[in-house]
Amino acid sequence: MRADRVFAYGAAAGLIGDLLLGDPRRGHPVAAFGRAAGAVERMLWRDHRGWGALHTAVCVGGAVGLGAVAQNVLRPSRTATVALTAAATWAVVGGTSLVREARVIGRALEAGDVEAARDRLPHLCGRDPQALDADGIARAVVESVAENTSDAVVGALVWGAVAGVPGLLGFRAVNTLDAMVGHRSVTYRRFGWASARLDDLAGWPGARLTAVLAALAGDSPRGAVRAWREDAPKHPSPNAGPVEASFAGALGVRLGGTLSYAGRVEHRPVLNRQGRAVATYDIERAVRLSRRVGLLALGVGVAARAFVKGRTA
């Protein structure tokens with residue numbers, strides 16, 4: 001079976017598995033990777049960029065190597081290769097969990113239970129929920145849905161299309177390490193530098209594809225492109241900026257502004273200033289846009305892989 005068809009069948013099956021099953025409550029492969037990465041960190045941690053780079057290389061290299069070995073071992077069997085791709089896709093994408101958490105918070109806000117929404121928000125993002133009212137929670141959810149559409153779905157599919165199972169596992173390893181050590185705390189400012197920079201590089205293509213697809217699939221393609229062009233460069237994140245700006249324009253809402261993380265206040269640029277304030281019902285609109293973007297990303301990945309295969313045949 002051609003490699004492009006293996007990816008097409010396997011990735012589609014993996015996304016269906018995610019849609020039907022979501023993430024398991026126990027024994028998730030990404031959680032197992034996180035425990036392994038934590039063990040490596042305990043052995044290697046030094047307040048030094050070089051040691052952090054070694055930690056990144058060991059953890060990401062291990063994930064990529066595991067994927068390469070498994071893919072090569074199973075290559076003679078078409079069915080096994082498709083199954084491996086499906087299992088890897090299911091393991092690394094998180095679209096259903098993202099949707100579930102966003103909708104739980106949305107339902108709480110619709111019922112007027114702001115406290116329940118605050119209690120649930122940490123399951124989705126790192127904002128300080130006590131600093132947010134209902135509209136602030138809704139805005140945080142929409143921003144998280146936008147950013148995680150790239151991180152949890154599109155980015156993985158991009159690297160899966162490029163490099164198969166090693167690409168899928170490698171991207172999720174990079175993204176997970178960034179969440180673990182890539183933040184600018186006293187402990188990880190130097191040690192996590194390599195993971196944060198690698199995450200920026202690995203996330204670059206997926207973020208741009210997400211922004212393009214959000215513009216195509218949203219209610220206002222022109223507004224999405226305008227917000228992306230005008231406001232994304234002002235955002236401190238090279239990848240979250242295009243994605244959030246495009247979602248803001250596509251949905252016709254304003255994102256960004258003042259944020260609070262564990263008592264630390266950040267003032268970020270407003271994205272799509274011409275839009276209106278986020279309302280609770282925009283959570284469901286963002287979820288639906290995220291779903292459309294994910295499906296389109298699969299189509300783009302399959303088409304790109306088929307095109308490359310055809311050119312090299």
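1. The second largest pocket of this predicted model has a volume of about 370 Å³. Its lining is made up of 20 residues, and those that lie nearest the centre of the pocket are Pro29, Phe33, Ala63, Leu66 and Leu169. By class, the lining of this pocket divides into 16 nonpolar residues, three polar ones and one charged one.

2. As to where that lining comes from, the elements that each give two or more residues to the second largest pocket are α2 (29-44), α3 (49-74), α4 (78-92) and α7 (134-181).

3. The axes of α3 and α4 come within 8 Å and cross at roughly 155 degrees; because angles over 145 degrees count as roughly antiparallel, α3 is described as roughly antiparallel to α4. On the α3 side the contact involves Ala70, Gln71 and Leu74, which meet Ala80, Thr81 and Leu84 of α4. The residues of this contact divide into four nonpolar and two polar, with no charged residue among them.

4. From α5 the contact draws on Gly95, Leu98, Ala102, Ile105 and Leu109, while α7 contributes Ala134, Ile137, Ala138, Val141, Ser144, Val145, Asn148, Thr149, Ala152 and Val153. Sorted by class, the residues of the contact of α5 with α7 come to 11 nonpolar and four polar, and again no charged residue takes part.

5. Turning to the fold as a whole, the protein has 11 helices and two strands, and their order along the sequence follows the pattern α-α-α-α-α-α-α-α-α-α-β-β-α. The radius of gyration of the protein is 19 Å, close to the 20 Å that the globule rule gives for 313 residues, and the protein is therefore as compact as a globular protein of that length. Taken along the principal axes, the box filled by the C-alpha atoms of the protein is roughly 55 × 45 × 35 Å.

6. For a reader who wishes to return to the pocket with the helix contacts in mind, α3, α4 and α7 are among the elements that give two or more residues to its lining, and Ala63, Leu66 and Leu169 are among the residues nearest its centre.

Terms used: Residues are numbered from 1 along each chain as its sequence is written. This is a predicted model: local features need pLDDT of at least 70, side-chain atom pairs count only at pLDDT 80 or more; totals for chains, interfaces and linings use all residues. Side-chain values use heavy atoms; hydrogens and water are left out. On a 1 Å grid over the protein atoms alone, a cavity is a set of points where a 1.4 Å probe fits but cannot get out, and a pocket is an open set with protein on both sides within 12 Å along at least five of seven lines; lining residues have an atom within 4 Å of a point. Grid points are joined across faces, edges and corners, and a volume is the space filled by probe spheres set on the points. Helices (H or I, at least four residues) and strands (E, at least two) are DSSP runs, numbered from the N terminus. Ala, Val, Leu, Ile, Met, Phe, Trp, Tyr, Cys and Pro count as nonpolar, Asp, Glu, Lys and Arg as charged, and the others, Gly among them, as polar. Axes are lines fitted to C-alpha atoms, for helices over the stretch in contact, and angles run from 0 to 180 degrees between N-to-C directions. Angles under 35 degrees count as roughly parallel, over 145 as roughly antiparallel, 65 to 115 as roughly perpendicular and the rest as oblique. Contact means heavy atoms within 4.5 Å. The radius of gyration is taken over C-alpha atoms; the globule rule is 2.2 Å times the number of residues to the power 0.38.
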